[in-house]
Amino acid sequence: MEKVEIKTQITVFDSINELPADVKKLMDAAIDAKQNAYAPYSKFKVGAALLLEDGTVIKGNNQENAAYPSGMCAERVAIWKASSDYPTKKILKLAISASSASQILNEPVAPCGGCRQTLSEYELKQKDKIEVYFMGEIGKVIMTDSLLNLLPIAFDKSFL
């Protein structure tokens, strides 16, 4: 038996105001997208914004459904829109912001497992890292230079 230690590295910004100007603009787009989330059941709204290599910003937000499994996360809405409308463009950065009607989210809210898996597919497909920034409603912002830092043992097409 062998014990293997997996390490990852993140950068923590104290607030959105510490972000580089281009990333702050992208996070502002995610915050804007969050306002249009359809979350009548959970009251948990998420907005995502992707920056493509040509400067295009793609926004997405979570979309709930009374048949709960039929809803969709903001990150997947955004990345599938990017893939559908701009299939040859690389994704450089992703910004995510979340808020809840039941509490003020002052800690960063990371992508769920399903979103991590979906996003990793696109990072592997394009053979370039996607920087990921995520926050709650206020407070700290976490950045990682690769989605795979959030999913270190990824399932990918090599297993198929």
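Predicted model: local features only at pLDDT ≥ 70, side-chain atom pairs only at ≥ 80, totals over all residues.
We may begin with the helices. Helix H2, which spans residues 74–85, packs against helix H3, residues 113–126, with 9 Å between their axes and an angle of about 25°. That angle makes H2 roughly parallel to H3, since angles under 35 degrees fall in this class. The two helices cross in a left-handed sense. On the H2 side, the contact is made by Glu75, Arg76, Ile79, Trp80 and Ser83, which meet Gly114, Cys115, Thr118, Leu119, Tyr122 and Lys125 of H3.

Across the whole structure, 3 aromatic pairs are found, and two of them are described here. In the pair of Phe13 and Tyr133, the ring centres lie 6.5 Å apart and the planes meet at 35°, so the arrangement is tilted. This pair joins distant parts of the chain, as Phe13 belongs to strand E1 (residues 11–13) and Tyr133 to strand E5 (residues 131–135), 120 residues apart. Both Phe13 and Tyr133 are buried. Phe155 and Phe159 also form an aromatic pair, here a stacked one, with 5.4 Å from centre to centre and 15° between the planes. As for solvent accessibility, Phe155 is partly exposed, with a relative accessible area of 45%, while Phe159 reaches 56% and therefore counts as exposed, the cut-off for that class being over 50%.

Two single residues round out the picture. Ser99 sits in strand E4, residues 91–100. With a relative accessible area of 13%, Ser99 is buried, because buried means under 20%. Setting aside neighbours within four places in sequence, the contacts of Ser99 are Lys34, Lys43, Phe44, Lys45, Leu105 and Glu137.

Pro152, in turn, is found in the segment after strand E6 (141–144). Its relative accessibility is 52%, so Pro152 counts as exposed, whereas Ser99 is buried. Between Pro152 and Gln103 there are 49 residues of separation in sequence and 31 Å in space, taken from C-alpha to C-alpha.

Technical notes. Residues numbered from 1 in each chain as written. Heavy atoms only, no water. Axes fitted to C-alpha atoms, helices over the stretch in contact; angles between N-to-C directions. Helix = DSSP H or I, 4+ residues; strand = E, 2+ residues; numbered from the N terminus. Parallel < 35°, antiparallel > 145°, perpendicular 65-115°, else oblique. Left-handed = near helix turned anticlockwise from the far one by under 90°. Contact = heavy atoms within 4.5 Å. Phe/Tyr/Trp six-rings, centres within 6.5 Å; stacked < 30°, edge-to-face > 60°. Buried < 20%, exposed > 50% of the residue type's maximum accessible area, 1.4 Å probe, protein only.
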